[in-house]
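Here are some friendly notes to read with the model open beside you. Take the points in any order you like.

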Amino acid sequence: MIDNYQKHAKEIRRNILKMVAFSKAAHIGSALSVVDILTVLYFKILKIKPNQPDWSDRDRLIFSKGHAATALYSTLVQRGFASKDCLENYYGDGTKLAGHPIRGCLPGIEVSTGSLGHGLPIGLGITMSDKYDKKSSRTFVILSEGDCDEGSNWEAAMMASQLKLDNLIAIVDYNKIQAMGRVKDIIDLEPFKDKWESFGWSVEEINGHDFEQIEKSLINIPFKKNKPSVVIAHTIKGKGVSFMEDSLIWHYQYPNEEQLKQALAELK
Amino acid sequence: MRLAFTDTLIKLAKKDKRIFLLTGDLGYAVLEGFIEKHPKRFFNMGVAEQNMVGVAAGLALSGKIPYVFSIATFPVMRALEQIRNDVCYQNLNVKIIGVGSGLTYSLYGATHQSIDDVNMMRGLPNMTVISPGDPLEVKAAIEFSLKHQGPVYIRIAAKGEPNIHNKSFNFEVGKGIVINKGEDITLMVSGNMLANANLAAQELEKKGISVRLISMPFVKPIDKQIILKAAKETKAIFTFEEHSIIGGLGSAVAEVLAESNIPKVLFKRIGLPDVYPSEIGNWDYLREKYGFSSDKLAKNILRIYKNKG
C-alpha cells in the first residue's frame, strides 16, 4: 500500500510541477506540502465514486487552502475524476481551472475557495445537514496554517464542538511558512494542539509526509465519539523537490526549464 | 413586519422540510413560534455571523434552504465576504433576512442602522434584493424567496407597521406595484417608508397634484418598464427610501433613467444624505430630521416640483 501511495504522490507532484512551470503560476510550495495527505485521503479514506462525483452518500472534501489548487486538480486526475489532459487547461484563457478552485471546475470539486477562513464553516453546514438527514457521510476540510489566522475558522470550531459533530474533520497542512514568512514570526499558532483541544476538538499530531502515520490517523476518525477531529499534519513546504523545501520563495516563484528538469528528475 | 416573517416561514416550513432557520443570537420574542414548531431545523449560531453565513452555504450545498436571520447590519457587513464568496459566487440557495432596516434602531446608534446595506447587496452578482413596504409585502417576499432558486436578501423593519395594500397585488420578481394611478408625478418607494409615502401622496392629492404611487420592493432586479413608463407619462419622478441616497432604490432608478432616451424628466432621490446620523432620537424624531415624515415629504416634493428642481 505504501508503495502505491508513493507512486501516486510522485505522479501528482510531477503534474503539479508541470502545471505551475508551464503557466508560470505561484504557490507551488503550498501545493507540494499537501500532496501526501491528499493521496491517502483520495486513495484510501474518502468514500467516493470517481465516476459518480455527485453520489449522495459520498464523503466530501473541502479544500480551504484554495491557493494550492494544483495539488487538488492533480490528485483528482490521478484518482480518475477527470482525464489528465484537463490539467493542460490550468490558467488557460476561457477555461475554469483557476489559481483557486471553482466549484464544479473539475468533477469532485465541491466548493469554491480562495479567500482563507471559508472552508470550515461551509464544512460545518454540510455536516449539520448530514446529521439532520441521519447520514454517515463525513466532511474533511483541509486548512493551511495561514487559514488558522482567520477568526471565522474558530467560530466554526466552537460551534462544531457545541453540536458534537464527529463527522467533521479538519486537517491542517502545517508547513510553518505563510505568505510573508515563518508562522512563528507572524502570528505564532503554538500551542496549536492545546488551542484545538480547548475549542472542544480531539486532536492528533502526525508527520504529514509519513504515509503510515497519515493512514493510521485518518482510519481512526472520529478520534472520540461526539467530538470533531483535527489532524495537525506537520509538513514541509515544497516537499519532494530538494531545492524547494522549506523556502518562502517557492510561495511565489515558478520553476524555469532547468529547474523543472531537475525537479522531475528527483521525482522519477 | 418581523412577525409577518416568522408566521410565513412557520407555515412554509411545515410543508417544505428543506427550510432551516439560523440566527446570530437575535430574534427574542420574534422567532419562538418557529423554534417551537420546528426545533430540529432551528439553530442559534451564536454571535458569529461569518460562520453562520458559511454554514448556510454548506446547508444549501446539501440541498437545504437556510434562512439567516439577524439585525441587518451584522450579517450583511460582518459576513459580507461570506455572502459574496460562499453564497453569491456559488449561486447558492441562501436567504438572508435583515431586520431593523433603515433607522428602525434610531436610538442605538449607527452600528445598528442599516442605511448602506442595499448598496452592498445590490452590487453582488446573483443576489436578489427585496425591501418590502408593509407586512403583506413581507409575506409575499418570503413566499417568493422560497420559490426563487438563488440568493435573496430581504430587509424588513420592526413591528407594528400598517398594511398599505388594501387589495390583492401581484408580487413578481423585478416588478413594482402601482398603488395609485396618478398622472402628474411619480413617487417610487422601497421599504418601510411606504406608509409615510402613502400619507404624503394623499396630502399632495389634496393640493391638486395627482400622484402615481409605486411600491418598489425589488431593488434588484429593478423594474425598468415601470420606470420608463413613469418617465414618459408623468412630469417628475421621486424615489424615497430609508437608506443612503447612494446605491439604493434612487441609484437604481437613476441608472435606468440615465441610459434611457426619454427627454429629461424631473428626477430627485429622497433618502439619507451620505452621512452616519450625528445624533440619536426616537424613530419619528430622526425621520422628521431627515424629512421622512409625511408632512415634510409632501412639502419637499411640492417645493421641488414647483421649482422644477
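1. Let's start with K164(A), whose phi is positive, about 55 degrees, although it is not a glycine. K164(A) sits in the loop between α5 and β3 (168-174) of chain A. Helices (H or I, at least four residues) and strands (E, at least two) are DSSP runs, numbered from the N terminus. K164(A) counts as exposed because it has 12 C-beta neighbours inside 10 Å. Here a residue is buried if 20 or more other C-beta atoms lie within 10 Å of its own, exposed if 12 or fewer, and partly exposed in between, with C-beta atoms placed from the backbone.

2. Before going on, a word on the ground rules. This is a predicted model, in which local features need pLDDT of at least 70 and side-chain atom pairs count only at pLDDT 80 or more, while totals for chains, interfaces and linings use all residues. Residues are numbered from 1 along each chain as its sequence is written, and chains are lettered from A and ligands numbered from 1 in the order in which they are written.

3. K134(A) is also worth a look: it is not a glycine, yet has a positive phi of about 55 degrees. You will find K134(A) in the loop between α4 and β2 (139-144) of chain A. With 6 C-beta neighbours inside 10 Å, K134(A) counts as exposed.

4. Next, the peptide bonds. E190(A) and P191(A) are joined by a cis peptide bond with omega about -5 degrees, and P191(A) is in the loop between α6 (183-186) and α7 (192-198) of chain A. In chain B, a cis peptide bond joins K220(B) and P221(B), again with omega about -5 degrees. P221(B) belongs to the loop between β10 (218-220) and α9 of chain B. As background, most residues other than glycine have a negative phi, and most peptide bonds are trans.

5. How many residues of chain A are in contact with chain B? There are 19, and they meet 21 residues of chain B; contact means that C-beta atoms, placed from the backbone, lie within 7 Å. On the chain A side, α4 (119-132) and α5 (151-162) each supply at least two residues. The largest share, ten residues, comes from α4(A).

6. Axes are lines fitted to C-alpha atoms, for helices over the stretch in contact, and angles run from 0 to 180 degrees between N-to-C directions. Residues of α4(A) including P121(A), I122(A) and L124(A) meet residues of α3(B), among them V55(B), A56(B) and L59(B).

7. Over in chain B, the axes of α9 (residues 224-233) and α10 (residues 249-258) come within 10 Å and cross at roughly 65 degrees. α9(B) and α10(B) are therefore roughly perpendicular to each other. K224(B), I227(B), L228(B) and A231(B) of α9(B) make the contact with V253(B), V256(B) and L257(B) of α10(B).

8. Finally, is α7(B) mostly covered or mostly uncovered? It is mostly covered, with ten of its 13 residues buried. Among the buried ones are V138(B), I142(B), F144(B) and L146(B).

Note on methods: Contact = placed C-beta atoms within 7 Å. Parallel < 35°, antiparallel > 145°, perpendicular 65-115°, else oblique.
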